[in-house]
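This report goes through a few features of one protein structure. The sequence and the structure come first, and the notes follow.

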Amino acid sequence: MIYVIGIGTDGKDSLSDKTVRLIRGAGLIAGGARHLAEFAEVKAKKLPITGGLDSLAAAVRAHVKKAHGNKNAVVIATGDPLLFGIGAFIVKTFGKKAVRVIPNVSTVQEAFARIKESSNNVKVFSAHGRNASIEALAGEISKCEKAAIFTDPANSPAVIARALLRGRHDRGRHDRHAAAGYAAYVCEALGTKDEKISAPSLIALSR
């Protein structure tokens with residue numbers, strides 16, 4: 001069996017005892033460096049996820065074939081693996097019957113908890129790899145009462161803020177002041193020593 005396990009901002013402490021035992025009994029554990037460090041004592045083969053998903057799939061496939069079901073493969077992800085995470089890729093690659101997903105508190109939930117705002121009616125977007133369509137994404141975001149956006153270095157909060165200001169969508173009319181009035185929060189590195197929460201205006205964020 002292939003397990004895709006979400007880990008929260010509290011690291012290993014965010015997992016149930018049953019899930020920790022499952023990880024400790026695995027034959028292969030894949031994840032980011034920070035996730036693997038949580039289980040440094042486990043004797044399983046460790047596979048850092050550093051980029052290409054094809055190499056991850058190949059390693060998991062090789063392990064499953066060699067283990068013949070005796071040792072599970074575990075992929076550790078942040079929060080909810082099926083919310084713009086690696087879970088969808090693993091399920092698509094290996095099929096639903098071969099995969100079990102164990103989610104944790106999502107990054108979006110953690111962010112709303114930090115800013116102490118209701119997440120009711122929020123729509124979640126991802127800006128990862130959307131260099132060619134950031135304007136279209138900004139158009140979708142501008143129609144929402146609340147939006148949470150996963151960003152990346154190319155499509156940073158500043159890039160998205162500038163796209164929103166360029167769109168200036170207000171009931172079909174261009175209105176810079178309506179766009180400027182959006183409340184924005186930037187939640188960085190949640191759960192790490194570098195965690196930072198800020199609430200700039202959209203215009204300030206765009207600079």
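A residue is called buried when its relative accessible area is under 20%, exposed when it is over 50%, and partly exposed in between. The model described here is predicted.

Helix α1 covers residues 17-24, and Thr19, Val20, Leu22 and Ile23 in this helix are buried. Viewed down the axis of α1, the buried residues lie within an arc of 160°, so they line one face of the helix. The face turned away from this buried side holds Asp17, Lys18 and Arg21, which are exposed. On the buried side, the residues of α1 pack against the strands β1 (2-7), β2 (28-31), β4 (73-78) and β5 (99-102).

Helix α6 (residues 134-142) packs with helix α7 (residues 157-167) at an angle of about 70°, and their axes are 9 Å apart. That angle makes α6 roughly perpendicular to α7. On the α6 side, the contact is made by Ile134, Glu135, Ala138, Ile141 and Ser142; α7 contributes Val159, Ile160, Ala163, Leu164 and Arg166. Sorted by class, this contact has 7 nonpolar, 1 polar and 2 charged residues.

The cysteines are the last topic. How many disulfides does a search of the whole structure find? The search finds 0 disulfides. The sulfur of cysteine 144 has its closest cysteine sulfur in cysteine 187, 17 Å away, which is too far for a bond. The accessibility of these cysteines is listed below.

| Cysteine | Relative accessibility | Class |
|---|---|---|
| Cysteine 144 | 23% | partly exposed |
| Cysteine 187 | 27% | partly exposed |

Key
Residues numbered from 1 in each chain as written. Predicted model: local features only at pLDDT ≥ 70, side-chain atom pairs only at ≥ 80, totals over all residues. Heavy atoms only, no water. Axes fitted to C-alpha atoms, helices over the stretch in contact; angles between N-to-C directions. Helix = DSSP H or I, 4+ residues; strand = E, 2+ residues; numbered from the N terminus. Parallel < 35°, antiparallel > 145°, perpendicular 65-115°, else oblique. Contact = heavy atoms within 4.5 Å. Nonpolar A, V, L, I, M, F, W, Y, C, P; charged D, E, K, R; others polar. Disulfide = S-S within 2.5 Å. Buried < 20%, exposed > 50% of the residue type's maximum accessible area, 1.4 Å probe, protein only. Arc of directions from axis to C-beta.
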